[in-house]
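User: I'd like to go through this model with you. Can you put it up, and then we take the side chains in turn?

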Amino acid sequence: MKRLGFAAAAFVAVGSVSGCAYRAETMSVASYNVYSSYENKLPGKYLLYVDGSKLDKTIKPSDFNCAAHSYPLAISAGFTGSVRKTFANLVEEVEVVDAPVDRAELAPRGARAMIIVRGEEVNGRLRVVPGFWTAGMETQVELVGSIVVDGRKGRLLGTTVSGDGNAQSNAGLACEGGAASLVQSAEDAMKEVVGRLGEALTNSERVRSGV
């Protein structure tokens, strides 16, 4: 029995000798349970720009086991899609734009305001947990996002929120299980952040009044 346990631990160490990059790419995970003090959607048309470019980061294991492997964590596309899907449920009409629009252009385009959402920072942690039969992976992802809303007459909202996610998975035959665990942690963190951004938007009296 002891020999089997030793073999499992040794296998993880051996798997760390030749490194691989295991891509961990998130999906869009809209947050549909956004708390709102209002029964109706945010009225009118809003322009929406989302930038998640800062949210792609390579994560390395925090200890020796699987240390030769890397885990490129790709959140940018999933974050952008998650914001768009969530905000579409909160705002009466959303027009996605490729770049922020000046305040002077809002009225000609029939928009009440310009919403800018950015992924500001991501930090991840991956740790190998030796087991008797197989090794496991524990991951944690912390995500920071911001939202700015500019109306026709000036700034209506500006705030930053954060969220985190934790997950566990089997390490796999060659440490590949860390990618799945990171994806789960990242999607949980992303859903939390997007939900909080949505709450900040839909519950803002200044945004609703436009002044």
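**Rings, charges and confidence**

Analyst: To start, the charged end of Arg-208 sits over the ring of Tyr-38, 3.9 Å from its centre. That term requires NZ of Lys or CZ of Arg within 6 Å of the ring centre and within 35 degrees of the ring normal.

User: What are the ground rules here?

Analyst: This is a predicted model, where local features need pLDDT of at least 70, side-chain atom pairs count only at pLDDT 80 or more, and totals for chains, interfaces and linings use all residues. Residues are numbered from 1 along each chain as its sequence is written, and side-chain values use heavy atoms, with hydrogens and water left out.

User: How many aromatic pairs does the count come to?

Analyst: The count is 1 aromatic pair, taking rings of Phe, Tyr and Trp (its six-membered ring) with centres within 6.5 Å. The rings of Tyr-22 and Tyr-71 have centres 5.8 Å apart and planes at 35°, so the pair is tilted; under 30 degrees would be stacked and over 60 edge-to-face.

User: Are Tyr-22 and Tyr-71 buried or exposed?

Analyst: Both Tyr-22 and Tyr-71 are buried (under 20% relative accessible area; exposed is over 50%, partly exposed in between, with a 1.4 Å probe and protein chains only).

User: Switching topic: what is the mean pLDDT?

Analyst: The mean pLDDT (the predictor's confidence in each residue, from 0 to 100) is 89 for the protein, and 90% of its residues reach 70 or more.
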